[in-house]
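Hi,

Here is the structure I promised to send over. Have a look at it first, and then read on for what turned up when I went through it.

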Amino acid sequence: MRPEAFDVYPILHEGKVYNIITPFDMVFKEVHAMLAWLDERGAFAVTDDDDEIGPGKMFTCEVLGVTLEVDVHGYEVIVYRRGT
């Protein structure tokens, strides 16, 4: 994928603003389900390892019948792959 193919979408979810960075069209239900799934797994928590290996954390989310490969950098969520 070309970097310029990615778009940034600011999303308000449970009182926090996230930037969803993706080349895919996603519906609001998918985005909110993905953010809730990630939050339940502590994806947005800062750990001591972030200083050594960097802030990115890869996850495979399965929500609403869709599988998403995402990389979490603080409140920025990069969606690299979307499948069913």
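A word on terms before the fold: helices (H or I, at least four residues) and strands (E, at least two) are DSSP runs here, numbered from the N terminus. On that basis the elements of the chain run β-β-α-α-β-β-β from the N terminus on, which gives two helices and five strands. Keep in mind that this is a predicted model.

Some overall numbers. The chain has 84 residues, and 35% of them count as buried. Its accessible surface comes to about 5,400 Å², with 53% of that belonging to carbon and sulfur atoms. If you take the contacts between residues at least 6 apart in sequence, 38% of them join residues at least 24 apart.

As a general matter, nonpolar side chains in soluble globular proteins tend to be buried together.

Leaving out residues up to four places away in sequence, Met-34 touches Ile-20, Met-26, Cys-61, Val-63, Leu-68, Val-70, Val-77 and Val-79.

Helix 1 itself has 13 residues and spans 18 Å from its first C-alpha to its last, close to the 18 Å expected at 1.5 Å a residue. Which of its residues are buried? In helix 1 they are Glu-30, Val-31, Met-34, Leu-35, Trp-37 and Leu-38. These residues cover an arc of only 160 degrees around the axis, so they sit on the same side of helix 1. They pack against strand 1, strand 2, strand 3, strand 4 and strand 5. On the face turned away from that buried side you'll find the exposed residues Phe-28, Lys-29 and Glu-40. Just after helix 1, Gly-42 takes a positive phi of about 75 degrees.

As for charges, a search of the whole structure finds two salt bridges. One joins Arg-82 and Glu-30, with the closest N and O atoms 2.4 Å apart. This pair links distant parts of the chain, since Arg-82 is in strand 5 and Glu-30 in helix 1, 52 residues apart. Glu-30 has a relative accessible area of 7% and is therefore buried, while Arg-82, at 33%, is partly exposed.

The other salt bridge brings together the side chains of Glu-40 and Arg-41, at 3.4 Å from N to O. Here Glu-40 counts as exposed because its relative accessibility is 65%, and Arg-41 is partly exposed at 44%.

Is His-13 buried or exposed? The cut-off for buried is under 20% relative accessible area, so His-13, at 6%, counts as buried. Setting aside neighbours within four places in sequence, His-13 is in contact with Tyr-18, His-32, Leu-35 and Ala-36.

Cheers

Conventions: Residues numbered from 1 in each chain as written. Predicted model: local features only at pLDDT ≥ 70, side-chain atom pairs only at ≥ 80, totals over all residues. Heavy atoms only, no water. Contact = heavy atoms within 4.5 Å. Buried < 20%, exposed > 50% of the residue type's maximum accessible area, 1.4 Å probe, protein only. Salt bridge = Lys/Arg side-chain N within 4 Å of Asp/Glu carboxyl O. Expected span 1.5 Å × (residues − 1). Arc of directions from axis to C-beta. Areas by Shrake-Rupley, 256 points an atom, 1.4 Å probe, with all protein chains shown as cover.
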